[in-house]
Amino acid sequence: MSEAIRVEHLAYEYPGVEDTPGVAVFKDLSLSLEQGSFVAVLGGNGCGKSTLAKHFNSILLPCGGKVYVYGIDSANEDRLIQIRRSVGMVFQNPDNQIVANVVEEDVAFGPENLGIAAPEIRNRVDKALRQVDMYDYREHAPHLLSGGQKQRIAIAGVIAMEPKCIVLDEPTAMLDPKGRREVMDTILRLNREKGITVVLITHHMEEAAQAQRVIVLHKGEVALDGCPEQVFSQIEKLHAIGLAAPETAELCYALNKEGFSLPLDKLDIDSCADAILKSI
Amino acid sequence: MLKDITLGQYFPGTSFIHRLDPRTKLLVLIVYIVALFVAKTWVSYLVCLAFLALCIAISTISLKSIFRGLKPLVFILVFTGVLNIFLTDGETVLVKWWIITITLEGVVRAVYMIVRIMMLVSATFLLTYTTSPISLTDGLESLLSPLKKLHFPVHELAMMMCIALRFIPTLIEETDKIMSAQRSRGADFESGKLMERVRALIPILVPLFIGAFRRADELATAMECRCYHGGEGRTKMKLLRYKRRDYLAFLAGIILLATIITLRCFGW
């Protein structure tokens with residue numbers, strides 16, 4: 001498979017203001033993301049998750065090392081638009097990323113910036129709204145929608161630019177369980193059906209468990225990296241850096257402490273229940 | 001309480017007036033205002049009024065909503081009326097007492113003035129009632145676009161208006177939230193003298209402004225992520241195009257202006 005994003009020896013430091021020294025986030029970080037994959041990025045507060053995400057579409061530029069987005073150096077200013085149209089980004093607060101006061105106008109914002117002809121924009125907007133299941137709301141005002149709906153509008157705004165990769169920075173953090181499920185279903189569908197590379201930054205282990213690959217960041221370095229089963233079965237390591245595994249793995253871990261010998265890689269409820277049932 | 005605030009109120013509809021191009025509506029409004037200022041006698045006023053009444057009738061906007069819009073203007077209307085009554089010199093004196101003189105000319109002029117302001121404002125309301133804010137902004141941007149050659153930031157201005165309109169409800173919601181938070185900690189916004197009440201607003205305004213700046217920062221990043229790079233090379237999903245009904249509306253506007261000017265030439 002081809003490579004979507006490659007990070008080589010990335011170093012980044014937030015500049016200090018006046019006398020205060022800057023804050024170093026990354027010293028030497030390298031990783032590579034495959035096209036079409038669904039990657040979850042985990043980590044405690046201040047571990048550099050969002051900072052890393054902002055390097056994926058040139059919002060931040062590396063202080064040292066390189067970031068390649070579909071083979072293009074992210075520091076290449078001439079191809080900034082090309083980078084940003086191939087890597088879309090969705091943020092935590094849906095209110096602060098919706099530009100227009102009509103849903104369809106907002107979804108059209110990205111394609112309009114790309115200078116696409118009017119009928120083609122119409123096409124893309126309708127398609128994007130159908131993909132996130134919000135077509136019926138196209139003429140509504142965004143502030144009257146629920147959080148999950150607003151976040152899906154934000155996602156539609158990104159996919160209307162037809163990106164190859166979407167980076168979502170804690171898109172469900174401000175949503176209720178229903179909105180969270182709506183957004184997760186949309187993300188999973190886009191990844192499976194459209195083959196869009198998804199980078200999901202999250203605090204919810206259950207969401208991360210649905211990814212193909214989980215990267216755990218700690219103090220600006222990759223602490224764990226692998227498929228969810230591999231990562232979440234290393235519960236002690238996760239606990240050491242202040243994170244938890246999904247509840248199913250935590251349950252098995254706690255039972256193992258009491259003398260059971262359960263596998264820790266059963267991440268969905270049914271297979272976990274089966275494993276427990278077998279061992280009784 | 002803050003939920004009641006409506007700015008740029010718009011009543012969606014499908015009437016002839018609703019479907020007109022926003023540019024047409026803006027231009028015809030300007031023509032109407034010029035006609036209103038050229039009008040000098042009651043005959044020409046009646047012609048303007050007939051034109052306005054026709055527009056309101058076609059738009060299916062109820063007269064009640066138009067009058068509701070006029071309500072906040074009562075003070076200005078009364079003020080203008082009083083000023084005109086007392087400050088107009090004339091020959092037919094109606095009342096003369098101490099330094100106050102009221103003349104027939106003054107009264108007539110005051111009535112004309114009030115009627116003119118009411119007709120002017122009603123027409124503007126008709127525009128905002130029948131045009132969605134976003135198409136109004138689009139219309140303005142398109143009408144002002146010749147000024148781009150003079151380096152006037154037309155696109156930026158339209159973008160700012162659009163974003164401002166988008167964030168009004170969000171900021172009102174936030175104000176409500178901050179007020180509830182302060183109230184739950186014992187803040188009092190309803191009682192006290194004027195100065196005390198004004199002072200009580202400071203703890204609302206400070207977090208509101210900080211929040212607005214934070215929002216602006218995040219919105220700017222989000223817009224950059226969506227390839228926003230100014231108005232250059234930007235296209236529009238909804239293109240404005242003049243249709244037959246727009247030419248019809250222009251024709252009506254021109255007939256109105258021509259009639260008023262002709263009437264004035266003949267001393268009416």
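What is the order of the four strands in the open sheet of chain A, and is the pairing antiparallel or parallel? In this predicted model, where local features need pLDDT of at least 70, side-chain atom pairs count only at pLDDT 80 or more, and totals for chains, interfaces and linings use all residues, the order is 2-1-4-5 and the pairing is antiparallel. Residues are numbered from 1 along each chain as its sequence is written, while chains are lettered from A and ligands numbered from 1 in the order in which they are written.

Strands (E, at least two residues) and helices (H or I, at least four) are DSSP runs numbered from the N terminus, and two strands pair if DSSP finds at least two bridges between them. The edges of the sheet are formed by strand 2 (23–34) and strand 5 (72–73) of chain A, each of which pairs on one side only. Eight bridges join strand 2 of chain A to strand 1 (residues 3–14) of chain A in the antiparallel sense. Within this pairing, Tyr14(A) has Val23(A) of strand 2 as its bridge partner.

Strand 3 of chain A (residues 38–42) includes Leu42(A). This residue is buried (20 or more other C-beta atoms, placed from the backbone, within 10 Å of its own), because 27 such atoms lie within 10 Å of Leu42(A). Beyond its neighbours within four places in sequence, Leu42(A) is in contact (C-beta atoms, placed from the backbone, within 7 Å) with Thr202(A), Ala208(A), Val214(A), Val216(A) and Leu243(A). By contrast, Glu77(A), 35 residues from Leu42(A) in sequence, is 30 Å from Leu42(A) in space, C-alpha to C-alpha.

A nonpolar core is a set of buried Ala, Val, Leu, Ile, Met, Phe, Trp, Tyr and Cys residues joined through C-beta atoms within 7 Å. The largest has 90 residues, of which Val41(A), Val107(A), Ala156(A), Val167(A) and Val199(A) touch the most other members. Helix 5 (residues 147–159) of chain A supplies the largest share of this core, six residues. Apart from this core lies another, of 21 residues, including Leu20(B), Val28(B), Cys48(B) and Leu256(B).

Between the chains, 33 residues of chain A are in contact with 26 residues of chain B. On the chain B side, two or more residues each come from helix 7 (133–144), helix 8 (154–184) and helix 9 (194–225). Helix 9 of chain B gives the largest share, eight residues.

Technical notes:
A residue is buried if 20 or more other C-beta atoms lie within 10 Å of its own, exposed if 12 or fewer, and partly exposed in between; C-beta atoms are placed from the backbone. Two residues are in contact if their C-beta atoms, placed from the backbone, lie within 7 Å.
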